[in-house]
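Here is a short report on one structure. Look over the sequence and the model before reading on.

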Amino acid sequence: MFRMKIDRADPALLHDQVAGDIRRAIADGEAKPGEKLPPARDLAAVLGVNTNTVLRALRILREEGLLEFRTGRGATVTSGARQKSIVLTKAQELVRVACQQGYRREELLRLIESVSPRHG
């Protein structure tokens, strides 16, 4: 299993920390496409958190397209997860830095559009 650690002194919500650790594991290739994650209750026990915390993190990652849920098989890393994870991580970093620098949402969107290559 990949390395995961909860920092209770960190102001980030526990489910966001769990999602971040799994996202990082996918980006770093520790959790590979097609790989099944351990059951939520096992992850929760290892991390010392409630199972619902882990389930919430897994749902976030499913919404991001990094995981898929299959009945009876649990959560599996999607085929394009590594590339999506890298882009998502960079986008989150951009938003964090932009907020720190005082950019509003509309300003950031205009900035992104101004540097995006023109398609069509």
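## A nonpolar surface patch

Leu94, Leu109 and Ile112 make up a nonpolar patch on the surface, with about 220 Å² of accessible area together. Patches are built from residues with over 30% relative accessible area and no salt bridge; like charges are joined within 9 Å, nonpolar side chains (Val, Leu, Ile, Met, Phe, Trp, Tyr) within 5 Å. A salt bridge is a side-chain nitrogen of Lys or Arg within 4 Å of a carboxyl oxygen of Asp or Glu. Areas come from the Shrake-Rupley method with a 1.4 Å probe, and for residues only the protein chains shown count as cover.

Leu109 sits in helix H5 (residues 105-115). Leu109 is partly exposed, with a relative accessible area of 38%. Buried means under 20%, exposed over 50%, partly exposed in between.

## About the model

The model is predicted: local features need pLDDT of at least 70, side-chain atom pairs count only at pLDDT 80 or more, and totals for chains, interfaces and linings use all residues. Residues are numbered from 1 along each chain as its sequence is written, and side-chain values use heavy atoms, without hydrogens and water.

Helix H2 (residues 40-47) buries Ala40, Leu43, Ala44 and Leu47. They lie on the same side of H2, because their arc around the axis is only 100°. The arc is taken from the directions from the helix axis to the C-beta atoms. The face turned away from the buried side carries the exposed Arg41, Ala45 and Val46.

The buried residues of H2 pack against helix H1 (14-27) and helix H3 (51-63); contact means heavy atoms within 4.5 Å. Gly48 follows H2, with a positive phi near 75°.

Conventions: Helices (H or I, at least four residues) and strands (E, at least two) are DSSP runs, numbered from the N terminus. Buried means under 20% relative accessible area, exposed over 50%, partly exposed in between (1.4 Å probe, protein chains only).
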